[in-house]
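Thanks for coming. I will go through one structure this morning, strands to start with, then the cores, a helix and a loop.

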Amino acid sequence: MTVFDVAIIGGGLAGCSAALHARRKGASVVLLERARCGAQASGVNYGGVRQQGRHPAELPLAQRSRKIWGRLAELVGSDCEFAVTGHLKIARSDTDMAELVAYQEIARQHGLTLDVLERADLRRRYPYLGEGFIGGSLCAEDGQANPRLVAPAFARTAKRFGAVIREGCTIERAAVSRTGFELFVVGDTTPVHARRLVNTAGAWGARVAEWFGDTVREDVMAPNMCVTEPIAPLIGPNLGICGGGMYIRQARGHGSVIFGSGLGVADRDTLRARPLADVTMEAAKAAIEMVPALANVLLVRSWTGIEGRMSDGLPVVGSSPTTSNLFHAFGFSGHGFQLGPAVGAVLAELCLDGGSPTSLEGLSMTRFIRRPTNPAARAAAGQT
């Protein structure tokens, strides 16, 4: 009987990165993916590689991941169209500007440099922006990549290093066993055995966690995405807006403009998702408001995918609170693409080294565990 050192459920970017980093540490690895690696959230997202605007709990992961993005070609044999374009977050009001200034200090405390631009600087540097913006914040080292390329590149490289990558492989259930864990594959009478288990099952991550008594609510979301015909170079940095809701970038190779706003619909049970025409129309109007020169550009396609969302907008990353040698990373709430390479590296460290130098404070599943607030109840629960 073969017993792998690490089994991974889910072939998104985090799972494929975990497979590669665990193999580079010498562990035997099997990754099991229901469809194709990168087919869901990791492959259908906007493609932004940003640190700016992240919750402080995510910044250590984001900064470590940015270093990995910078050496992607060395690591997986392709840069996956990663380009350092910068990320510009723009303000529509004095309140927005105050928010940007406050976040600049948070970023500084984490060693991240942001340049806050007043209206005159914004207009001088980015004359293609609409008139309604009064300033912005630029993170020059942020960028973009092609999401359809990245997870498959990690998977191919992990396989080349000796990982077993099983696509088209649906896990019916998994359980603790004498050897660690056993995973039961639909249509296969022989379970997969592993000493450690990594749950990177995306929008289905909470269901996998529930098999082991790790109960947490994970909703689904379907970001509504659009792409235009190729146009001449126009937009420099990725564009976002205070308060969220609109993001635009121009691909460096072919020149198409990718933008997104609002949500489509997703059905986790039937594995179906679709964009909505009215949402796409509103997104197009918002894109033109942000960059008026897009008014006569042809829209080529809209799409969406199934992503997991946590109630606080932060992912679950870390060890299981109930089961030894079980590790979770799911619920990235629409902004996990940039984090994926580092999440995989950290999962490999948790599995094989017993810890990681990258802080995960604030991302543990335990933040959702309700604790008694009544002193008597706390005493009865042994929490005094």
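Two strands count as paired here if DSSP finds at least two bridges between them. Keep in mind that this is a predicted model.

With that, take strand β4, residues 87–91. It is joined to β6, residues 135–139, by 5 bridges, and the two run antiparallel. Within that pairing, K89 has S137 of β6 as its bridge partner. β4 is also joined to β14, residues 238–241, by 4 bridges, this time parallel. There, L88 stands opposite L239.

How many of the residues of β4 are buried? The count is 5 of 5. Both faces are covered: H87, K89 and A91 are buried on one side, and L88 and I90 on the other.

In soluble globular proteins, nonpolar side chains tend to be buried together. The largest nonpolar core in this model has 51 residues, and the members that touch the most others are I8, V29, L61, W69, F154 and V343. Several elements give two or more residues to this core, including β1, α1, β2, α3 and α7. The biggest contributor is α10, with 8 residues. Apart from this core lies another, of 23 residues, among them I235, F259, A283 and M290.

Looking at I8 in more detail, and leaving out residues up to four places away in sequence, I8 touches G15, A18, A19, V29, V30, L31, L32, V198 and T200.

Now helix α7, residues 147–160. It has 14 residues and spans 21 Å from its first C-alpha to its last, close to the 20 Å expected at 1.5 Å a residue. Which residues of α7 are buried? They are P147, V150, A151, A153, F154, A155, T157 and A158. An α-helix has 3.6 residues a turn, so residues three or four places apart point the same way. You can check the buried list against that on the screen.

At the start of α7, a side-chain oxygen of N146 comes to within 3.0 Å of the backbone nitrogen of R148. Just after the helix, G162 has a positive phi of about 115°.

Last item: S256, in the loop between β15, residues 247–250, and β16, residues 257–263. Is S256 buried or exposed? S256 counts as buried because its relative accessible area is 6%, and the cut-off for buried is under 20%. Setting aside neighbours within four places in sequence, S256 is in contact with V227, T228, E229, P230, I231, R249, Q250 and A251.

That is the end of my part.

How values were computed
Residues are numbered from 1 along each chain as its sequence is written. This is a predicted model: local features need pLDDT of at least 70, side-chain atom pairs count only at pLDDT 80 or more; totals for chains, interfaces and linings use all residues. Side-chain values use heavy atoms; hydrogens and water are left out. Buried means under 20% relative accessible area, exposed over 50%, partly exposed in between (1.4 Å probe, protein chains only). Contact means heavy atoms within 4.5 Å. The expected span of a helix is 1.5 Å times one less than its number of residues. A polar contact is a pair of N or O atoms within 3.5 Å; within protein, one must be able to donate a hydrogen and the other to accept it, and residues adjacent in sequence count only if both atoms are side-chain atoms. A nonpolar core is a set of buried Ala, Val, Leu, Ile, Met, Phe, Trp, Tyr and Cys residues joined through side-chain atoms within 4.5 Å.
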